[in-house]
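A short report is wanted.

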Amino acid sequence: MMKIRKILSVMLVMIMLISSFPLEGRMAEEVIQSGKCGDNVTYKLFSDGTLVISGTGKMRPNNISTENPWRNVLDFIKKVVIEDGVETIGSNSFSGFKNMESVEIPDSITAIPYAAFSGCTSLKAIDIHDG
């Protein structure tokens, strides 16, 4: 009986240790909004405030007040990750993201229009990947 208790105690400690490590990548976060932002470009907004843009080709330009698909959650977004394959950032796409602190831009981006990041008063880091 004592041996079984010892084994169960060790197993319980192992489970507690394993569960204390965060899940890799986006698995731990829930997608709260998604859609298209170009012909072949999509976006996903995760519950941690990360906006991920993926696909191939160009993002469409946005009128900041009416066409931007994430205009209703601007203040929620803290980080933008643009994945490899996206070629251009749409004009005004990230204008007014007051709480966005960082942006990751892949080397597939060939154009960043004027005012793409205007009004991003908390922006601290722009990581431009050099692939």
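The report below moves from the overall fold to the sheet, the core and the aromatic rings.

## Overall fold

This is a predicted model. The protein has 131 residues, and 33% of them count as buried. Its secondary structure comes to 1 helix and 8 strands.

The accessible surface is about 8400 Å². Carbon and sulfur atoms make up 58% of that area. Among contacts with a separation of 6 or more, 40% join residues 24 or more positions apart.

## The sheet

An open sheet is built from 6 strands, in the order E1-E2-E3-E5-E7-E8. The pairing is mixed. Strand E1 (31-36) and strand E8 (125-128) stand at the edges. Each has a single partner strand, so one side of each lacks a neighbour in the sheet. On average, neighbouring strands are turned by 10 degrees against each other, direction ignored.

At one end of this order, strand E7 (residues 102-105) runs parallel to E8. The two are joined by 4 bridges.

## The nonpolar core

The largest nonpolar core holds 24 residues. Leu 51, Ile 53, Trp 70, Phe 94 and Phe 97 touch the most other members. Strand E2 (41-46), strand E3 (50-55), strand E5 (79-82) and E7 each supply at least two core residues. E2 gives the most, with 3.

What does Ile 53 touch, leaving aside residues up to four places away in sequence? Its contacts include Val 41, Thr 42 and Tyr 43. They also include Met 59, Val 81, Ile 82 and Val 86. Trp 70 and Phe 94 are on the list too.

## Aromatic rings

The structure holds 4 aromatic pairs. In one, Trp 70 and Phe 94 are stacked, at 6.0 Å centre to centre and 5 degrees between the planes. This pair links distant parts of the chain, 24 residues apart. Trp 70 sits in the loop between strand E4 (57-58) and E5. Phe 94 sits in the loop between strand E6 (86-88) and E7. Both Trp 70 and Phe 94 are buried.

Why is the pair of Phe 94 and Phe 97 edge-to-face? The ring centres lie 5.5 Å apart and the planes stand at 90 degrees, so the pair counts as edge-to-face. Phe 94 has 0% relative accessibility. Phe 97 is buried as well, with a relative accessible area of 0%. Ring pairs link Tyr 43, Trp 70, Phe 94, Phe 97 and Phe 117 into a cluster.

Note on methods: Residues are numbered from 1 along each chain as its sequence is written. This is a predicted model: local features need pLDDT of at least 70, side-chain atom pairs count only at pLDDT 80 or more; totals for chains, interfaces and linings use all residues. Side-chain values use heavy atoms; hydrogens and water are left out. Two strands pair if DSSP finds at least two bridges between them. Axes are lines fitted to C-alpha atoms, for helices over the stretch in contact, and angles run from 0 to 180 degrees between N-to-C directions. A nonpolar core is a set of buried Ala, Val, Leu, Ile, Met, Phe, Trp, Tyr and Cys residues joined through side-chain atoms within 4.5 Å. Buried means under 20% relative accessible area, exposed over 50%, partly exposed in between (1.4 Å probe, protein chains only). Contact means heavy atoms within 4.5 Å. Accessible areas come from the Shrake-Rupley method with a 1.4 Å probe; for residues, only the protein chains shown count as cover. Rings of Phe, Tyr and Trp (its six-membered ring) pair if their centres lie within 6.5 Å; planes under 30 degrees apart count as stacked, over 60 as edge-to-face and the rest as tilted.
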